[in-house]
Amino acid sequence: MGLRLWFSVVLVTQVFTLGLLTTIVQAEPVIESMAFEREGGAASLVIGTGEEIGFDAFTLSNPRRLVIDFAEGNFGNAFAAPRGIDARYGFFQPDRPRLVIDLGRPLGISQAYIGDRRDGPAIIVELQPVSEEAFEEASGWPDEAIWTPQPSTPPVPDGRIVVVLDPGHGGIDPGASVDGLVEKEIVLRIGRQIAEAIGETKEFRPILTRDDDSYVPLRERVRIAQRAGANVLISLHADTLENGKATGLSAYTLSEKGTDQAADAFAERENRADVLAGADLVGETDQMTRLLLDLSQRATAPESDRLAEAILASVSKKFKLLRTRPHRQAAFVVLKSPNIPSVLIELGFLSSAEDRKRLQSDEYGKAIAEALVEGLELWRDNADPAFTAPRR
């Protein structure tokens with residue numbers, strides 16, 4: 001029998017309660033309710049569960065976050081938090097659900113335990129105000145909480161041009177969400193349709209960075225392409241706009257300076273996805289490595305531009321493109337492979353009613369897949385042979 005997930009937040013005397021968020025389709029254990037209560041300076045998180053389950057609680061800084069890792073279970077998909085509270089839930093590893101709650105002020109964990117409530121067991125995390133210095137000192141990664149890649153075997157080269165398709169977001173990172181439509185689900189469905197169409201060709205071989213609701217950090221997506229000997233990386237997204245109206249498909253290539261303020265803001269949001277998911281794991285490379293990467297990326301940039309133009313030329317025969325400069329540029333992390341032509345495709349805007357209707361259609365996904373195959377063929381016919389040759 002499906003059980004329902006509720007999320008409520010209590011701030012002093014005000015209570016914000018969300019309505020029904022999702023129906024749980026998996027078996028026990030389940031989260032029956034969650035409440036984040038603040039009284040005076042202290043705060044507590046109470047998570048009612050169907051049975052006792054293992055968990056780990058810790059804090060992270062820059063930005064300040066409370067993280068709860070559950071040892072087991074699937075408690076439903078991502079949910080929207082009440083106004084003023086930013087919380088995210090989803091799978092961080094295939095077997096590890098994670099809840100991340102932003103903390104507006106430094107709060108240290110004083111106790112974290114399984115308690116008995118009237119309705120059964122509950123995870124209780126009590127927090128106390130601390131200084132910024134104390135919060136920084138106490139925050140950090142438990143060894144077992146750090147994201148680790150799943151074992152994989154690189155594909156055996158077979159002479160085809162390798163196209164890595166990257167459905168954006170996934171797991172604890174849902175991406176944009178409007179009227180029940182979730183970006184990570186839309187781009188995965190369309191990504192699979194594109195992979196199927198590419199797989200039916202003789203010239204191209206598709207590889208997905210994720211083929212389920214998995215969380216994959218941004219730089220790991222690039223590494224997947226590199227390990228696969230990719231000739232091309234295409235990242236798929238469906239964003240929203242908070243201000244203004246836009247509709248239609250667009251393609252982004254890498255540039256440290258964006259096409260405009262909107263492009264820079266889009267890249268900034270996407271590049272912070274790992275941090276907000278509680279997975280800011282990758283440090284900066286040293287100065288010499290950064291210099292070599294920069295030189296290599298400059299050599300790849302013209303080929304990325306050719307790829308983007310070929311895709312847009314093909315797609316424009318069937319679909320509306322973004323009216324103003326459909327070929328755009330911004331500093332997306334996922335486009336920073338030093339030797340793989342990379343393009344981020346904005347399939348449409350969830351903030352547009354017209355695009356939402358289109359993005360929900362299987363026929364749209366199939367048609368986009370056909371157009372992308374035509375775009376890849378057009379690019380192949382005009383590409384520098386060094387970029388279409390086998391990489392491994």
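# A guided look at this predicted model

At 10% relative accessibility, R88 counts as buried, because buried means under 20%.

**R88 and its sheet**

- R88 is part of strand β9, and its side chain makes a polar contact of 2.8 Å with the side chain of D102.
- Strand β9 covers residues 87-93, and it belongs to an open sheet of four strands.
- In what order do the four strands of this open sheet come? The order is β7-β8-β10-β9, and the pairing is antiparallel.
- Two strands sit at the edges of the sheet, β7 (55-60) and β9, and each of them pairs on one side only.
- From one strand to the next, the twist averages 20°.
- Strand β10 (residues 96-102) runs antiparallel to β9, and six bridges join the two.
- As one example of how these two strands line up, Q93 stands opposite R96 in β10.

**The nonpolar cores**

- In soluble globular proteins, nonpolar side chains tend to be buried together.
- The largest nonpolar core here has 44 residues.
- Which residues touch the most other members of this core? They are I194, I234, L249, I345, L347 and I368.
- Several elements give two or more residues to the core: the strands β13 (161-167), β17 (232-237) and β20 (342-346), together with the helices α2 (183-199), α6 (287-315) and α8 (362-382).
- Helix α8 gives the most, with nine residues.

**An aromatic pair**

- A pair of aromatic rings is described by the distance of the centres and the angle of the planes.
- How many aromatic pairs does a search of the whole structure find? The search finds five.
- One of these pairs is formed by Y252 and F332, with 5.2 Å centre to centre and 80° between the planes.
- The arrangement of Y252 and F332 is edge-to-face, because planes over 60 degrees apart count that way.
- Y252 lies in strand β18 (residues 250-254) and F332 in the loop between β19 (327-330) and β20, so the pair ties together parts that are 80 residues apart in sequence.
- Are these two residues buried or exposed? Y252 counts as buried at 5% relative accessibility, and F332 counts as buried at 1%.

- E133 has 58% relative accessibility, so E133 counts as exposed.
- Although E133 and P106 are 27 residues apart in sequence, their C-alpha atoms are 9.0 Å apart in space.
- S139 lies in the loop between α1 and β13, and at 15% relative accessibility S139 counts as buried.
- Which residues is S139 in contact with, leaving aside its neighbours within four places in sequence? The contacts are T59, L60 and S61.
- The side chains of S139 and T59 are also joined by a polar contact of 2.8 Å.

**Backbone details in the loops**

- The peptide bond from N62 to P63 is cis, with omega near 0°.
- P63 itself lies in the loop between β7 and β8 (65-70).
- D179 is not a glycine, yet its phi has a positive value, near 50°.
- You can find D179 in the loop between β14 (177-178) and β15 (181-182), and at 66% relative accessibility D179 counts as exposed.
- R325, in the loop between α6 and β19, is another residue other than glycine with a positive phi, near 50°.
- At 45% relative accessibility, R325 counts as partly exposed.

Technical notes: Residues are numbered from 1 along each chain as its sequence is written. This is a predicted model: local features need pLDDT of at least 70, side-chain atom pairs count only at pLDDT 80 or more; totals for chains, interfaces and linings use all residues. Side-chain values use heavy atoms; hydrogens and water are left out. Buried means under 20% relative accessible area, exposed over 50%, partly exposed in between (1.4 Å probe, protein chains only). Two strands pair if DSSP finds at least two bridges between them. Axes are lines fitted to C-alpha atoms, for helices over the stretch in contact, and angles run from 0 to 180 degrees between N-to-C directions. A nonpolar core is a set of buried Ala, Val, Leu, Ile, Met, Phe, Trp, Tyr and Cys residues joined through side-chain atoms within 4.5 Å. A polar contact is a pair of N or O atoms within 3.5 Å; within protein, one must be able to donate a hydrogen and the other to accept it, and residues adjacent in sequence count only if both atoms are side-chain atoms. Rings of Phe, Tyr and Trp (its six-membered ring) pair if their centres lie within 6.5 Å; planes under 30 degrees apart count as stacked, over 60 as edge-to-face and the rest as tilted. Contact means heavy atoms within 4.5 Å.
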